[in-house]
Each structure stands twice: as C-alpha cells, then as structure tokens.
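Thanks for asking me to look this over with you. Below are my notes, point by point, for reading alongside the model.

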Amino acid sequence: MPHFEVATGRKVLYVDGRPFTALGVEIPWWDLIYGRYKETETAYDKLYPAAEKIGLNTLKVPIKWSMVEPEKGVYDFSYVDHAKSMAEKHHLKLVLNWFGHYASGDGTIYGNLTGELYAPMYIVEDYKTYPRAVDADGVAHHNAASYDYEPIIERETRAFRAFMQHIKDVDSKTHTIVMIQVENEIAMFGFDRQNHKLWRDHSPAANKRFADVGFTDDLKFTAWDLSYNWIRRITDAGAEVYPLPFFHNYVGGKVAGWMVGGAPGEDVETYLKNCPNISFIGVNSYFCAEWRPDYSCERESQATVDELREPLLRYRVGRNLPAITEINSGVSSITSRLAYIAVGEFGAPIFAPWSLTVSFPESNQPYVLNDGSLANGAFALRDTYNSLSKALPQISYYAGTDKLKVFMSGVPGGRFSRTEDINGAKVTVTGENDGKAIVIHLSGHEFLLVGYRASISFNDPTFVWPEMKSIQVEKVYWSDDRWNKDGEPTYGVDQSKKTLEVELNTPQAVRVSW
C-alpha cells in the first residue's frame with residue numbers, strides 16, 4: 001500500500017515499493033451535476049488522455065460527498081470506479097480529493113445546488129438536525145456547517161469510512177489511488193478570510209465549547225476545534241479501515257503571524273498535533289505581481305528563487321512535509337521553476353497546479369482546450385514533468401539531502417552559471433531560457449543529471465588521455481527497476497582544461513561516471 005517511510009533522514013512517499021512523487025494537476029468537478037451524477041459521470045473523460053500527453057504521473061480528482069452519499073445511508077461509488085478505470089487506461093495514479101467541505105468560495109457545504117453541492121442534499125435541507133455556523137453578529141449561514149454538533153460529524157465520518165472501505169475493496173492490489181486529500185482548504189465560513197466576525201462559529205454549541213475549554217482567541221479556537229473535533233475523527237475512521245496517506249491543502253497567505261495557514265481554521269502545527277493520521281499539509285501557493293479585485297492576475301510575477309522557496313520554508317513546521325497542492329496554471333515560468341525546487345530541494349510528496357481546464361490566477365490560459373488538445377503552459381509543464389519522470393525514484397529518494405542540488409537562474413528567463421559543492425564534488429551548471437538541472441552525487445565519481453536547456457561540467461585530473469577512457473556517459477530513463485537506454489548523450493572532454501561537459505538540451509537524464 002502507498003505509505004511514507006523514513007529514508008535518507010526524512011519521510012519519503014513509497015508507491016509500489018519505490019520512492020514516488022506525485023506530479024499532478026487537478027481536474028474540475030462542477031460539471032458533475034447533482035441529480036444527474038450518473039448522466040454527467042463522463043464529463044471529464046477527455047482530460048485523462050490529455051494528462052498522459054502532458055507527462056503527469058498522477059491526476060487529482062475531486063470526489064464530492066454528495067456523489068458518494070446521494071441519499072442518507074445510500075452509497076454510490078460509481079464515479080470513484082470510473083476515475084480509477086480511466087486513470088489505469090492512461091497509466092496514471094490518482095489522488096482523490098474528498099470534498100465534504102469546500103472553503104474556496106462563499107460557504108463551505110455548497111456553492112450552488114447543481115455542480116457545487118459538497119455535502120449531501122439531506123444535510124443541506126435539514127438545518128435543524130445539522131445546524132449551521134453562526135457569525136459574530138448572530139447570523140446563521142445556511143451554506144456553512146457548524147462542526148460543534150454531533151450529527152454532521154457522525155454522518156461525514158460514516159461516509160468517509162465507507163469511502164475508504166470501497167477503495168480498499170477495489171484498489172488494495174492495484175494501488176492506483178495513492179493518497180487522499182481530506183477536504184478543500186479549511187475555514188469556518190468560506191473565503192471571506194479577513195473578516196474578524198467570521199473567524200469562529202458563534203453557535204450555542206461552539207460558544208459553550210469556547211468557554212469550557214478556556215479559549216480567548218477566535219483563530220486559535222477554530223483551528224483546535226475543527227482539527228480535534230472534526231478532522232481527527234474523520235481521518236482516524238478512514239485510517240482504521242485503509243490507512244492511505246491523508247493530507248490537507250491550505251490557503252496561501254497569512255491571517256495572523258502565529259499561524260501557518262491562510263484561512264480561519266487552518267494552522268499546520270495544531271492539525272499535525274491533533275490529527276495523527278494527517279501525513280502532511282501542503283500549501284496552495286499562487287504568485288502574482290499585481291492582483292485585480294476579482295483575484296485574477298493583472299501583472300505576472302517575476303518571483304526570484306528565494307521568493308519561490310518562501311511558502312515551502314514557512315510550511316516546514318514540526319513533522320510536516322512541505323508540498324505544493326495548488327500553483328499557477330497559466331503561461332508562466334513560475335510553475336516549472338517551483339516544481340524543481342519543491343520536488344528536488346524540499347522532497348515535496350506532491351506538486352499539482354490547478355487545474356487542467358481553468359488557468360489561475362492568469363486568465364484564459366488553460367492547459368487543455370475544449371477539444372482535449374494541449375495549449376498554453378501545458379508544453380512547459382510537459383518538459384518539466386518529463387525530465388523529472390526519467391529518474392523520479394532517485395530524485396524522490398535523495399531530495400532534500402546534501403547529495404542533490406537544484407540549479408536554475410535566480411530570476412525567470414535569465415542566463416546563469418553556478419558552481420556548487422555537492423557532497424564533496426564541485427559541479428558547474430550553466431543554462432538559459434528557464435533551463436534548469438538537478439545534479440545527484442551518487443558516490444565517488446558517479447553522478448545523475450536531470451534537466452533541460454542546461455549544461456553541466458566537471459573538472460578532474462583524470463580527464464586526459466589515456467585515463468579519460470574510463471569516462472562513461474549514458475542517456476537513460478528508469479523503468480522496470482532498471483536503467484534503460486534513451487538515445488545518445490551529448491558531451492565532450494576538454495583535455496587542456498581537464499573538463500567533462502554534458503549538454504542537456506532537451507528534457508533528459510544522464511548518468512556520468514569515471
């Protein structure tokens with residue numbers, strides 16, 4: 001079963017017995033219509049072959065609670081089975097997003113009653129049995145559940161347990177489904193995150209718990225309350241049935257200086273303390289130099305390498321593994337640059353832009369057009385994912401150690417030349433036009449090079465005749481637990497400078513030894 005285990009001093013995701021990183025993109029969900037779920041089940045079928053063409057190894061697929069439990073106590077997993085079948089047909093793994101709570105819009109349990117119904121209709125309609133959250137003005141929000149009442153937690157826990165039991169029944173041998181994202185962001189009332197009146201639930205049950213436990217801070221209470229009384233119970237129940245890795249995705253940005261999370265109800269330290277079956281918490285990190293009032297991007301970010309690292313560094317909290325669970329999906333170099341940093345430097349278990357058919361925050365630049373063809377930033381993402389995939393187990397294993405270094409320009413599009421010591425060996429990498437490289441020093445005089453639009457050089461006194469006959473340079477890809485030949489490498493030896501230079505013009509992996 002997919003799981004984390006300690007390797008090279010940190011936790012590494014293993015799938016099918018090998019180190020693995022989910023290189024994904026998310027697909028939408030709003031064309032799956034309540035009351036017509038079976039009829040609309042194939043709405044996103046064209047995205048699976050498109051994902052394969054881009055070079056994804058994983059697709060993030062949202063599963064709404066309302067689809068799994070269309071009637072109280074009646075479960076339907078046909079969409080889960082359909083997604084699994086489509087993924088296997090196109091050689092993809094799946095991360096399933098359990099959407100019982102969606103905090104990226106107004107409200108959390110529904111945005112509308114067609115394609116954005118997250119909790120089942122029986123929950124939505126019965127606000128007496130399943131009370132709603134109340135803001136500081138005493139107003140109950142019909143589209144936001146209160147998680148201080150037992151009935152809704154009991155129903156969602158029961159449904160999530162059935163969901164995990166079904167996954168165990170159909171996938172415990174094939175391991176197509178590798179992780180579960182539990183909910184979509186966490187917030188009490190939705191996306192109006194700076195409004196202090198929406199920082200906690202003021203329902204009678206919530207007020208009683210707030211007083212009984214002795215809280216004085218609304219944000220700290222909400223993070224504790226939602227993690228301990230709700231998420232802990234859901235994930236514990238799911239893990240008891242089938243303990244796949246579970247994770248959260250948090251909003252980028254900040255609400256308060258002490259918390260790591262961008263919405264009222266989020267805080268990495270609190271959740272990891274209260275929810276032992278949450279493996280990690282990723283960040284939805286969108287970069288834009290100038291935002292419009294509607295949250296689209298007016299001016300593209302030119303983020304430096306240090307700025308790209310910032311959200312990942314901020315999420316290095318306790319036992320957490322920083323990950324990028326959403327990122328820009330337009331025509332931007334941000335995404336490809338951050339992929340190398342997140343996967344190589346931080347060992348992120350998942351990297352996944354949002355989404356295949358909708359670009360954000362850049363407008364009208366989707367990876368996949370209506371006819372299923374690739375467009376816009378899909379080709380840059382394909383170069384990035386194809387290069388990483390050629391040696392993904394090795395990158396996943398050595399990521400974040402002193403044996404692996406990532407090289408790229410400090411700013412988008414620039415030329416660069418950097419010399420670094422990698423576990424005792426000096427290596428120089430040059431590149432341009434958003435070229436990038438990963439260099440892994442495997443042992444002694446053995447290296448693994450991954451990248452494109454870059455060249456990598458080594459200096460050694462043995463790079464002269466006849467000692468240079470020991471040099472071996474192989475262009476390769478990893479498959480079936482072995483290295484396979486992938487064409488001829490481009491390299492040269494300058495005996496006067498005692499230098500070996502390897503060219504990575506196109507996405508590739510190269511083994512070098514002497």
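1. Lysine 38 is exposed, with a relative accessible area of 59%; here buried means under 20% relative accessible area, exposed over 50%, and partly exposed in between, using a 1.4 Å probe and protein chains only. Its salt-bridge partner is glutamate 41, with the closest N and O atoms 3.4 Å apart. A salt bridge means a side-chain nitrogen of Lys or Arg within 4 Å of a carboxyl oxygen of Asp or Glu. Glutamate 41 counts as buried, at 9% relative accessibility.

2. A word on the source: this is a predicted model, where local features need pLDDT of at least 70 and side-chain atom pairs count only at pLDDT 80 or more, while totals for chains, interfaces and linings use all residues. Residues are numbered from 1 along each chain as its sequence is written, and side-chain values use heavy atoms, with hydrogens and water left out.

3. How many salt bridges does the structure hold? There are 30. One of the pairs joins lysine 208 to aspartate 212, with 2.6 Å between the closest N and O atoms. Both residues lie in helix α6, 4 residues apart, which is about one turn of the helix; helices (H or I, at least four residues) and strands (E, at least two) are DSSP runs, numbered from the N terminus. In general, an α-helix has 3.6 residues a turn, so residues three or four places apart point the same way. Lysine 208 is exposed at 53% relative accessibility, and aspartate 212 is exposed at 54%.

4. Another salt bridge is formed by the side chains of aspartate 383 and arginine 453, at 4.0 Å from N to O. This pair links distant parts of the chain, 70 residues apart: aspartate 383 belongs to helix α11 (residues 378-389) and arginine 453 to strand β19 (residues 446-459). Aspartate 383 is partly exposed, with a relative accessible area of 22%, and arginine 453 is partly exposed at 32%.

5. Please also look at asparagine 207, which sits in helix α6 (residues 204-213). Asparagine 207 is partly exposed, at 30% relative accessibility. Its side chain makes a polar contact of 2.9 Å with the side chain of arginine 200. A polar contact is a pair of N or O atoms within 3.5 Å; within protein, one must be able to donate a hydrogen and the other to accept it, and residues adjacent in sequence count only if both atoms are side-chain atoms. Leaving aside residues up to four places away in sequence, asparagine 207 touches Arg200, Asp201 and His202, where contact means heavy atoms within 4.5 Å.

6. Helix α3 (residues 78-89) has 12 residues and reaches 16 Å from its first C-alpha to its last, close to the 16 Å expected at 1.5 Å a residue; the expected span is 1.5 Å times one less than the number of residues. Its buried residues are Tyr79, Val80, His82, Ala83, Lys84, Met86 and Ala87. They pack against α1 (47-54), β5 (58-64), α2 (65-68), β6 (93-102) and α5 (150-171). Lys84 also takes part in a network of salt bridges with Glu88 and Asp171. Just after α3, histidine 91 takes a positive phi of about 60 degrees.

7. Is proline 28 buried or exposed? Proline 28 is buried, with a relative accessible area of 1%, and lies in the loop between β4 (22-26) and α1. Not counting residues up to four places away in sequence, proline 28 touches Tyr44, Leu47, Pro62, Ser355 and Thr357.

8. Finally, serine 296 is found in the loop between β12 (290-291) and β13 (297-299). Serine 296 is buried, with a relative accessible area of 8%. A polar contact of 2.6 Å joins its side chain to that of aspartate 294. Beyond residues up to four places away in sequence, serine 296 touches Glu290, Trp291, Pro361 and Ser363. Tryptophan 291 itself lies in strand β12 and is partly exposed, with a relative accessible area of 38%.
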